[in-house]
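Please have the structure open as you read.

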Amino acid sequence: MTKQEFKEWMKDKIVILDGATGSNLQKRGMPTGVCPELWITEHPDVLIGLQKEYIEAGSDIVYAPTFSGNRIKLKEYGLEDRLDEINTELVRICKEAAEGKALIAGDITMTGAQLEPVGDLKFTELVKVYEEQIAILAREGVDLLVIETMMSLQETRAAVIAAGHVAPDLPIIATLSFKETGKTLYGVSAPSAVLTLQGMGVSAVGLNCSAGPDHLTDVVRAICEVSTVPVIAKPNAGLPTLDENGQTVYDMKPEEFQKHVAHLVELGASVIGGCCGTAPEYIKLLHENRDSMKRTAPEQADANTDQLYLCNERTVFSFTDGQELELGDAIDFAENEELMEEYEDEEFDTAIDLAMDLADDEMDAIVLTADGLEKEAEIVTAAIREISQMVQLPFIVSTKDAETVKAVLEQYSGILAIRLLTEEETVKNTVLSYVKQYGAKLVTIDKKIISC
């Protein structure tokens, strides 16, 4: 299924996903501590039975149980050399269960490894890890990809970029795990995540896991305010507790769950399902009440508005398309020897001081440039990373090099703007393609910010 076909398939309807997989497999015999992906390949009938129940209950999409089927997670079980075999078999089992009655989503999640600078994993290496798994899922014929239970926007972006490299027309839906505060455990805000990911071309975006539907109304409302694609709500069945046998159970019954999910639909969600603690009977109630669920709020933001956004992982900055920006002097590594000396020493005190001055002067954005330097992209990317920890302003990167634009946009976890310093037509066209790919914005020579 192509992205356009998926868009048409979703149009003007409520789509029902499946419910929990792992907790239900444990109830049906899967021991704790095993690799779930391998266990399923060895006990396929258990998954087939569960997914048939979900489809009979009304699921339009079921998730292939490839959740942790990436090389990094499988290595924890000594199974990294069986990655192709395991993912292939899991998709085959899911196809057998679905029998063409539901779409199959190849399921992807976080690897558990920490990206630089917190950990040792390089962003480009993470993209390759996801490319490897996604290529297998695409080859085996999944209808779409789901990137789910994410806490890191940068890891989510890595999976989206990887899909663009190996399966560019495969639809992607993406959900992060937000707390009631509207932030993930990594501090990513819901609006920032939605704006970034829809700008990168995902087909639907939203939340899963973390809490029950009654605790996620404000998060769904915030998502719907900025989303221009369908919004996903796949919450838990309330809050977890331990029963007398030490087993995790959830406190929300199917009827209450359906009532609260219906309210999320009213707020604007149109792709719904269940996460931890849910089972086929939860999905059955969603299906039976699908026609009575009414979206009284707009399903999604107006895509034709003249509002545009820049953002980092935590903060969204709103502008009007064509607005003339108030900009101070650029932080220019090519012209300031002190900046370069500090960069070589992995220090950015002067750059941070200059950025703070811009914030104090109430400038609209920070302009960064290292135009013409050998390590231009590395310098700008490092400066953004360091400055953004101290100063809450959006960034504009000034350059005449298309490959710098590509490298910076790939690494930046959010939406920034590009100010192109050349009129060379080939470069302009290439930069425009990158800007569209990553959902970035442009700043003209006369300091006007525009979408493209």
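## About the model

This is a predicted model, in which local features need pLDDT of at least 70, side-chain atom pairs count only at pLDDT 80 or more, and totals for chains, interfaces and linings use all residues. Residues are numbered from 1 along each chain as its sequence is written, and side-chain values use heavy atoms, with hydrogens and water left out.

## The sheet

Helices (H or I, at least four residues) and strands (E, at least two) are DSSP runs, numbered from the N terminus. Two strands pair if DSSP finds at least two bridges between them.

Follow the open sheet across its 8 strands and you read S1-S10-S7-S6-S5-S4-S3-S2, with parallel pairing. At the edges are strands S1 (15-16) and S2 (61-64), each pairing on one side only. S7 (231-234) and S10 (271-272) are joined in the parallel sense by 2 bridges; Ile232 has Val271 in S10 as its bridge partner.

## The largest pocket

A pocket is an open set of points on a 1 Å grid over the protein atoms alone, where a 1.4 Å probe fits, with protein on both sides within 12 Å along at least five of seven lines; lining residues have an atom within 4 Å of a point.

The largest pocket has 37 lining residues, with Glu116, Pro117, Gln154, Arg385 and Gln411 nearest its centre. Helix H15 gives the largest share of this lining, 8 residues.

## The second largest pocket

Here 45 residues form the lining, and Ala20, Thr21, Gly22, Ser23 and Cys276 lie nearest the centre. H2 supplies the largest share, 5 residues.
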